[in-house]
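Colleague: Could you take a close look at one part of this model for me? I'd like to hear about the pocket lining, and then whatever you can say about the strands.

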Amino acid sequence: MLVDSHAHIQLDAFAADREEVLENAQEDGVHSILTIGFDVETSRGAIKLAEQYEQIFAAVGMHPHDAKVFNDETSKIFLSLADHPKVIALGEMGLDYYRDRSPRSIQKIAFEQQLDLAEDKNLPVVIHNREAYHDIIPILQARRGRIRGVMHCFSGVVETMRQSLDLEFYIGLGGPVTYRKSHELQEVAREVPADRLLVETDCPWLAPQFRRGKRNEPAYVRAIAARIAELRGVTLEDIGATTTRNFETLFGRSVQAGT
Ligand code: NI
């Protein structure tokens, strides 16, 4: 049993065959999916799917790329979306200094305001980072004990992993851990404490090695979990059980089949 803790199955990339993609996931033991918004439209899309399918949960938020359009009005929209019973997290939010599609100062404001929302709503957060840990870590340290969440698609080294663990955050590992040259990330996969590990696809992007460059989908979280199991010298079933339990602990929802 596996949970894909970070997917974007509300996107048009899945418009033609979403049913089939969801069946593939079930067949491969991926019994729950957290689908994540990155602006108002995709957040609403996530909720719509979560209303349609029992096994789908939603997260709502504004990606740092679009921080420039985050304002009081969008903040109010997210505040009301967050009250939906299937919304279990806020995000993705964070800082992206790789693409810099919004000015960094503006990214920080949108990030801080969404962290305020998360505190107000007592919801965990899904953090997007690219080359910005040096700014993300102090922002979260200032709220230590008041904010919990996951470092989505963790891309740092063991040292930044330790800093994230100190903040009581979870480490989300995705497709890149399966890439042949991801030595640092594989080191993280070996070192991360079992009770802080989550697995994710970030589909339709970042397909694991066996599908690299193609469209990713929730079923492939199995290949990611299998690689992590191999790196840690445990079974796929172990990784499935542990990461499912971690998902339930962080997001406060039971996702076991039949409960
Ligand atoms: Ni994502």
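**A look at the pocket and a run of strands**

Modeller: By class, the lining of the largest pocket splits into 7 nonpolar, 7 polar and 7 charged residues. Keep in mind that this is a predicted model. The pocket itself has a volume of about 630 Å³. It is lined by 21 residues, and Asp96, His128, Arg130, Asp202 and Leu206 are the closest to its centre. Two elements, β4 (87-96) and β5 (125-130), each give two or more residues to that lining. The largest share, 3 residues, belongs to β5.

Now for the strands, and β7 (residues 170-173) is a handy place to start. Both of its faces are covered: Tyr170 and Gly172 are buried on one side, and Ile171 and Leu173 are buried on the other.

Take the β6 side next. Strand β6 (residues 149-151) runs parallel to β7, and 2 bridges join them. Here Ile171 in β7 has Met151 standing opposite. To get from β6 to β7 the chain goes through helix α6 (residues 158-166), and this β-α-β crossover is right-handed.

Then there's β8 (residues 197-199), which also pairs with β7 in the parallel sense, over 3 bridges. Leu173 has Val199 in β8 as its bridge partner. With helix α7 (residues 183-191), β7 and β8 make a β-α-β unit that is right-handed too.

Definitions and conventions: Residues are numbered from 1 along each chain as its sequence is written. This is a predicted model: local features need pLDDT of at least 70, side-chain atom pairs count only at pLDDT 80 or more; totals for chains, interfaces and linings use all residues. Side-chain values use heavy atoms; hydrogens and water are left out. On a 1 Å grid over the protein atoms alone, a cavity is a set of points where a 1.4 Å probe fits but cannot get out, and a pocket is an open set with protein on both sides within 12 Å along at least five of seven lines; lining residues have an atom within 4 Å of a point. Grid points are joined across faces, edges and corners, and a volume is the space filled by probe spheres set on the points. Helices (H or I, at least four residues) and strands (E, at least two) are DSSP runs, numbered from the N terminus. Ala, Val, Leu, Ile, Met, Phe, Trp, Tyr, Cys and Pro count as nonpolar, Asp, Glu, Lys and Arg as charged, and the others, Gly among them, as polar. Buried means under 20% relative accessible area, exposed over 50%, partly exposed in between (1.4 Å probe, protein chains only). Two strands pair if DSSP finds at least two bridges between them. A crossover is right-handed if, with the strands pointing away from the viewer, the path from the first strand over the helix to the second runs clockwise.
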